[in-house]
Amino acid sequence: MKIFTAEQIRNGDEYTIKNEPVSSVQLMERAAQACVDWIFENCKNHRNFAVFCGKGNNGGDGFAIARMLHLKGFDVDVFTNTKAKFSSDAGNNFRELKEFSGVSVKEFKEAKEYRFDNRTVIIDALFGTGLSKNIEGEFKELIDFLNEKNNLKISIDVPSGLFADAVSAENTTIFKADYTLSFQFWKKTFLHPETGKYAGKVKVLDINISDDYIAETKTEDFVINEDIIKDIFRPRNEFSHKGTYGKVIIAGGSYGKIGAVVLSAKSALKSGAGLTFTLAPKCGYEILQTSNPEAMFIEGGHDFMDHFEADEKAVYGIGPGLGTNEETAKSFLNFLKNYSQPLILDADALNIISQDQKNLKIIPKNSIITPHPKEFERLFRTTENSFERVKLAKSKAKELGIYIVLKDHHTQIITPEGEVFYNITGNSGLAKGGSGDILTGIITSFLAQHYSEKEAAILGVWFHGRAAEFASEKHSKESVLPTNIIDEFGTVFKELNAKVEKAL
């Protein structure tokens with residue numbers, strides 16, 4: 001799914017109005033109806049709605065939503081500036097709303113005297129994607145007041161005060177929604193930690209913006225959705241053998257950190273690699289052979305790694321539990337200088353590389369690195385916020401000719417061509433040691449199975465998050481373990497195969 005800027009979204013509305021054809025007020029009606037359908041389905045235990053409407057088209061959406069909710073039998077109160085100079089479509093919907101005697105229209109200032117009981121839903125339709133400056137004055141006071149309420153809060157299209165494409169200044173007033181009903185597209189700010197926290201759970205509603213416009217309009221930003229995954233995933237050919245699905249070598253481990261290699265190797269095995277080897281120090285031999293009898297063992301040292309065997313026919317995942325011992329670092333960097341195939345680098349492999357900026361240049365072209373934010377800082381530099389971090393990652397991916405999997409709540413896959421793919425699977429159950437080791441195993445396995453580097457990174461990150469969702473349903477986000485997540489790989493594959501078969 002493409003992510004468009006606020007300007008591109010406005011252009012999409014105009015294109016749809018011109019070419020469908022449909023009037024702007026009819027498109028607003030369509031958007032409002034999509035919101036009401038979602039609200040009706042998901043807010044059945046609530047009876048009263050307090051709808052806060054601005055003077056622009058976002059307010060127009062709010063007026064139309066209020067009217068439709070009233071017709072559905074809900075009690076609706078609307079708060080607005082009745083003396084405002086409304087946009088044309090907002091004005092039309094405001095005048096139509098006033099004809100309904102059952103809907104109470106109040107001034108914003110009356111909100112402080114309003115009784116917000118526990119069955120009242122607050123709907124924010126104050127400002128949309130056209131906002132170009134920080135909120136001040138009476139709107140700042142109003143939003144601060146509403147944010148203090150414990151009621152369920154829903155924002156229409158974008159939380160008021162939140163820009164669609166950029167990070168907001170510190171201490172800016174922004175409506176804090178529990179749900180955001182976004183029209184047709186994800187906004188970039190929903191996907192970054194500094195700003196996404198205001199959107200709550202995002203529900204993207206289809207309002208039939210022109211397919212031609214969406215197809216023809218270019219962007220470098222994408223959300224990984226089911227369509228992308230279905231285009232990537234390939235079911236197994238029945239006439240295949242273990243050699244069909246590649247050879248994986250998971251390299252890492254040191255005394256006391258063998259578990260990381262166990263998790264990564266198990267992950268590679270369970271995600272479909274044909275042959276899996278562990279290249280690890282001798283101190284992990286018994287643990288690895290007992291934990292993963294399907295994986296073969298290659299000795300790379302005694303208590304830590306001090307030599308790396310090169311196999312050009314294998315795909316390497318290097319870093320889990322590796323440590324940064326001086327001999328390990330020397331041997332690993334020497335291996336990189338003499339190895340030319342794409343590989344996956346994580347954890348201590350990245351920490352070793354970060355010790356000298358010159359090391360970045362010996363990463364083989366088209367390799368995939370998987371840093372979390374701190375590892376990214378060590379590799380490149382500190383940035384002011386996650387928006388700047390992605391911008392820097394795009395620059396470095398292009399400069400080095402590599403793929404960067406920047407781990408976060410919405411992990412980003414950055415390609416050498418400057419594309420950014422945001423992942424929306426997963427949850428806080430992944431905020432636990434060992435989760436990254438699993439991801440390394442998955443991506444290494446997919447690359448060995450002849451997915452391209454871009455496909456392996458996108459599918460791997462999505463797959464990792466989806467397995468975590470299944471595992472958390474069984475064990476809770478708090479209690480889920482990395483091994484529980486690996487146990488759900490089969491469930492994800494069953495789901496993927498079913499979707500591909502249904503599409504045929």
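# A tour of the model by strand, sheet and helix

Select valine 51: this residue stands opposite valine 78 in strand S2. The model is a predicted one, in which local features need pLDDT of at least 70, side-chain atom pairs count only at pLDDT 80 or more, and totals for chains, interfaces and linings use all residues. Residues are numbered from 1 along each chain as its sequence is written, and side-chain values use heavy atoms, with hydrogens and water left out.

**Strand S1**

Now select S1 (residues 48-53) and S2 (residues 75-80), which pair in the parallel sense over five bridges. Strands here are DSSP runs of E with at least two residues, and helices are runs of H or I with at least four, numbered from the N terminus. Two strands pair if DSSP finds at least two bridges between them.

Six of the six residues of S1 are buried, so this strand is largely enclosed by the rest of the structure. Buried means under 20% relative accessible area, exposed over 50%, and partly exposed in between, with a 1.4 Å probe and protein chains only. In a regular strand the side chains alternate between the two faces of the sheet. In S1, Asn48, Ala50 and Phe52 point one way, while Phe49, Val51 and Cys53 point the other way.

**Helices H3 and H4**

Next, select H3 (residues 57-71) and H4 (residues 88-98), whose axes lie 8 Å apart at an angle of about 25°. That makes the two helices roughly parallel. Axes are lines fitted to C-alpha atoms, for helices over the stretch in contact, and angles run from 0 to 180 degrees between N-to-C directions. Angles under 35 degrees count as roughly parallel, over 145 as roughly antiparallel, 65 to 115 as roughly perpendicular and the rest as oblique.

Which residues of H3 meet H4? Show Asn57, Gly60, Phe63, Ala64, Ala66 and Arg67 in H3; they meet a set in H4 including Asp89, Asn93 and Phe94. Contact means heavy atoms within 4.5 Å.

**Two threonines**

Select threonine 172, in the loop between strand S5 (152-156) and strand S6 (179-183). Threonine 172 is buried, with a relative accessible area of 13%. Leaving aside neighbours within four places in sequence, threonine 172 is in contact with Asn134 and Gly161.

Then move to threonine 195 in helix H6 (residues 193-196). Threonine 195 has 2% relative accessibility and counts as buried. With neighbours within four places in sequence left aside, the contacts of threonine 195 include Leu162, Thr189 and Phe387.

**The open sheet**

Select the 10 strands of the open sheet, in the order S8-S17-S16-S15-S14-S13-S12-S9-S10-S11, where the pairing is mixed. At the edges are S8 (221-223) and S11 (296-299), each pairing on one side only. Inside the order, find S14 (residues 368-369) and S15 (residues 403-406), which run parallel and are joined by two bridges. Isoleucine 369 has isoleucine 404 in S15 as its bridge partner.

Helix H16 (residues 453-475) lies across S14, S15, S16 (412-414) and S17 (420-422), at about 10° to S15.

**Helices H16 and H18**

To finish, show Trp462, Phe463, Arg466, Ala467 and Phe470 in H16, which meet residues of H18, among them Phe489, Val492 and Leu496.
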